[in-house]
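Trainee: I would like to go through the labels on this model. Can we test each against its definition?

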Amino acid sequence: MASAVAYFSAMSTSPISPLRDFVVAFGHLLDSQPDEPRILQEGAALLRALVANDTWLPEDYAQPHPTHYQQYLLHADSTERFSVVSFVWGPGQATPVHDHTVWGLIGMLRGAEIAQPWRLHEDGRTTLVGEGVRLEPGQVEAVSPRIGDVHKVHNLHDDKVSISIHVYGANIGAVQRHTYPTEGGRKTFISGYSNSTLPNLWDRSNELNKP
Ligand code: FE
């Protein structure tokens with residue numbers, strides 16, 4: 001018993017404890033079965049507090065890739081109500097135009113990024129909507145099918161790494177969603193996670209295709 005107390009007291013002072021506190025608080029928020037507006041509002045406040053200090057993200061989850069952005073899973077809720085991901089941009093890297101199909105919160109931790117919203121029309125076309133939103137450290141943005149789910153994001157910086165922390169209303173690495181190529185139409189993708197050694201666990205495309 002004493003050793004368990006010692007373990008938890010050591011954990012509470014570890015560098016990772018802001019993330020642990022965030023995950024616990026987010027779980028409590030979802031326990032109260034809030035509607036999406038409340039998740040986005042109260043969840044954004046929790047995420048804003050998490051990204052207010054750039055002190056806790058382990059180095060292994062902050063490593064860029066030379067050619068494409070990285071998505072490191074930080075936490076997946078055991079019942080897939082939410083997941084937390086560090087999104088690491090190498091210099092000048094960008095996403096394609098894509099959707100999420102679930103709510104998402106994006107909190108800027110380090111550097112800066114531009115999120116350009118796109119509108120998805122009934123005939124499947126996508127067009128630019130307004131100005132891109134510039135996210136600076138400590139700021140939080142939201143996406144969802146209800147408020148606007150399609151965007152393209154890029155690292156504002158051509159000479160350094162940027163990192164944002166994303167929270168989604170699902171185990172996002174396993175969600176079947178879409179990119180929207182410039183030539184029109186849409187392509188299905190499942191992102192997985194850059195740090196997953198169990199790709200088949202995340203890929204449910206076979207399961208989904210079963211009659
Ligand atoms: Fe996105």
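Mentor: Start with metal donors: N, O and S atoms within 2.8 Å of the metal, or 3.2 Å for Na, K and Ca; water is not among the atoms, so sites may look incomplete. In sequence, the iron ion's donor residues follow the spacing H-x1-H-x50-H. This is a predicted model: local features need pLDDT of at least 70, side-chain atom pairs count only at pLDDT 80 or more, and totals for chains, interfaces and linings use all residues. Residues are numbered from 1 along each chain as its sequence is written, and side-chain values use heavy atoms, with hydrogens and water left out.

Trainee: What makes His98, His100 and His151 donors of the iron ion?

Mentor: Distance. Each coordinates through NE2, at 2.1 to 2.2 Å.

Trainee: Why is threonine 95 called buried?

Mentor: Buried means under 20% relative accessible area, exposed over 50%, partly exposed in between (1.4 Å probe, protein chains only). Threonine 95 has 3% relative accessibility, so it counts as buried. Histidine 98 and histidine 100 are buried too.

Trainee: What makes tyrosine 69 and tryptophan 89 a tilted aromatic pair?

Mentor: Rings of Phe, Tyr and Trp (its six-membered ring) pair if their centres lie within 6.5 Å; planes under 30 degrees apart count as stacked, over 60 as edge-to-face and the rest as tilted. By this rule there are seven aromatic pairs. For tyrosine 69 and tryptophan 89, the centres are 5.5 Å apart and the planes 50 degrees, hence tilted. Phenylalanine 87 and tryptophan 89 also form a tilted pair, at 5.2 Å and 50 degrees. Phenylalanine 87 and tryptophan 89 are both buried.
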